[in-house]
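Work through these exercises with the model open beside you. Try each task before reading its solution.

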Amino acid sequence: RSAPWSARWLLVAPHRLGFFAAALMLSLSALWWCAVLLARAMGLALPWQVATASAHALLMSMAFMPMFFTGFLFTAGPKWLDLPEVPARSLLPALLCMLTGWCGVLPGFHISSVVSATGLALVALGWSMVSWRFMALVRRSRAPERLHPTLVAMACAVGAVVLWVDVAALALRHDVLLRCAIQFGLWGFLAVQFAVVSHRMIPFFGASAVPVLDAWRPLWLLWVMVGMLWLQAMLAVVERIGWPMGPGFRWFQCAIEAPGALLLLWLTWRWGLVQSLKIRMLAMLHGGFLWLGVAIGLQALSHGLMALTGNELSLGLAPVHALTMGYLGATMFAMTTRVASGHGGRPVAADNPAWILYWVLQAAVLLRVIGALWPSGAAALTLAAVLAWSVATVGWSWRYGNGFGRPRPDARPG
């Protein structure tokens with residue numbers, strides 16, 4: 001018989017606690033945005049104290065990702081750094097801060113920006129605690145290879161600063177500042193974090209599963225990826241500030257993004273996208289990484305189009321959703337499924353339910369990107385995208401959240 005679900009099992013391992021908290025926020029944010037779009041489709045006017053687009057961007061970028069990072073970093077981090085395991089209980093205060101804070105941020109979007117700012121201050125405090133704890137692990141480590149954890153720790157610190165700026169922006173009702181902070185957090189925190197982990201893990205997983213592949217991951221490639229993303233973060237802030245941007249600035253963006261996209265798409269092939277298709281779990285990881293090259297490529301096309309038309313035409317929100325839903329969302333889905341399976345005493349493989357949910361998520365990404373490229377069908381396609389996203393994320397949360405609160409089937413610790 002299956003053991004009954006119990007919250008005490010969440011404190012057995014960091015990935016259990018972090019992933020469960022993240023799954024709660026992932027489901028809540030998906031259902032909230034789904035409700036918002038359904039209300040809009042039915043002609044219902046919701047009260048807003050924060051700009052709708054900013055509220056959506058803030059929630060979908062910073063609500064659940066930091067909690068997933070908490071579970072992942074304190075599971076993989078000690079192994080990378082040759083340090084003892086971190087007790088999950090020590091992470092509980094920070095995660096409770098973040099969860100409690102978002103419970104204030106969400107209603108505050110509709111009733112008071114001050115309420116949102118107060119709730120987000122708790123979130124920023126919780127993530128600052130997590131970041132400080134991980135930076136302490138990096139400082140204490142004497143492992144010979146600490147570059148990846150160091151870059152991750154730097155990205156964590158960027159995320160903490162961004163959240164505190166978000167708090168100030170909400171308290172001051174300064175939407176431009178809020179948008180700038182969200183963009184910098186997206187490119188300089190979340191995307192960098194994922195790129196560093198991708199550089200370390202995808203070649204390793206590929207070489208472990210497919211004998212013909214090698215774990216090719218030169219350090220120059222890591223620096224190029226991180227440098228490109230941090231430059232994107234700065235350029236995105238400049239763009240949101242509203243400075244005049246003539247064709248010269250747009251061609252400069254395009255000149256950076258077009259080679260970057262080609263490099264990333266080539267890298268997807270070099271790391272074994274074709275060979276990985278026979279192994280579902282590996283295919284999920286590669287499918288997520290493919291979206292990073294697509295997102296940067298769409299950025300280049302959009303900025304080239306803006307240069308040619310005097311900023312009149314662009315690809316809209318297609319690039320940013322390829323990045324967020326595609327690269328970040330699909331990679332998060334694949335990484336957490338792998339960790340939840342391997343550390344949960346189950347085969348490290350994507351079974352049929354996980355595989356179906358992954359493709360529902362990919363369908364959501366495609367619908368949202370096509371909706372951004374096709375304005376006349378945007379409303380229907382966006383609604384279909386959020387419904388598919390909700391099915392995938394709530395389905396994942398229900399399936400694996402049940403396992404986080406139960407002992408491992410093999411009766412081993414962890």
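## Exercise 1: Enclosed space

In this predicted model, the count comes to two cavities of 30 Å³ or more.

**Task.** State the volume of the largest cavity, list the residues that line the largest cavity, and sort them by class.

**Solution.** 
- Step 1. Start with volume. The largest cavity holds about 140 Å³ of space.
- Step 2. List the lining. It consists of F19, M65, F68, F69, F72, Q193, F194, V197, T331, M332, M335 and T336.
- Step 3. Assign elements. Two or more lining residues come from each of α3 (65-80), α7 (175-209) and α12 (318-342).
- Step 4. Sort by class. Nine lining residues are nonpolar, three are polar and none is charged.

**Task.** Which residues line the second largest cavity?

**Solution.** 
- Step 1. The volume of the second largest cavity is about 40 Å³.
- Step 2. Its lining is made by L26, F68, M332, F333, T336, A392, T393 and W396.
- Step 3. α12 and α14 (378-404) each give at least two residues to this lining.
- Step 4. The classes are six nonpolar, two polar and no charged.

## Exercise 2: The nonpolar core

**Task.** Which members of the largest nonpolar core touch the most other members?

**Solution.** 
- Step 1. The core has 136 residues, and F64 and W102 touch the most other members.
- Step 2. Among the elements, α7 gives the most to this core, with 16 residues.
- Step 3. Look around F64. Leaving out residues up to four places away in sequence, F64 touches A22, M25, L26, S29, L59, M332 and W389.
- Step 4. Link back to Exercise 1.

## Exercise 3: A tryptophan and its partners

**Solution.** 
- Step 1. W355 and M284 are 71 residues apart in sequence, and their C-alpha atoms are 8.3 Å apart.

## Exercise 4: Salt bridges

**Task.** How many salt bridges does the structure hold? Take three of them and judge the exposure of each partner.

**Solution.** 
- Step 1. The total is five salt bridges. Side chains of opposite charge can pair when their charged atoms come close.
- Step 2. Take R200 and E145. Their side chains meet at 2.7 Å, N to O. R200 is in helix α7 and E145 in the loop between α5 (113-140) and α6 (147-172), so the pair, 55 residues apart, links distant parts of the chain.
- Step 3. Judge exposure. Buried means under 20% relative accessible area. R200, at 14%, therefore counts as buried. E145, at 32%, counts as partly exposed.
- Step 4. Take D175 and R179. Their closest N and O atoms are 2.7 Å apart. Both residues lie in helix α7, four residues apart, about one turn of the helix. D175 is partly exposed at 26% relative accessibility, and R179 is partly exposed at 33%.
- Step 5. Take D351 and R399. This salt bridge spans 2.3 Å, N to O. The pair links distant parts of the chain, 48 residues apart: D351 in the loop between α12 and α13, R399 in helix α14. D351 is partly exposed at 32%, and R399 is partly exposed at 30%.

Definitions and conventions: Residues numbered from 1 in each chain as written. Predicted model: local features only at pLDDT ≥ 70, side-chain atom pairs only at ≥ 80, totals over all residues. Heavy atoms only, no water. 1 Å grid on protein atoms, 1.4 Å probe; cavity = no way out; pocket = protein on both sides within 12 Å on 5 of 7 lines; lining within 4 Å. Points joined across faces, edges and corners; volume = space filled by probe spheres on them. Nonpolar A, V, L, I, M, F, W, Y, C, P; charged D, E, K, R; others polar. Core = buried A, V, L, I, M, F, W, Y, C linked by side-chain atoms within 4.5 Å. Buried < 20%, exposed > 50% of the residue type's maximum accessible area, 1.4 Å probe, protein only. Contact = heavy atoms within 4.5 Å. Salt bridge = Lys/Arg side-chain N within 4 Å of Asp/Glu carboxyl O.
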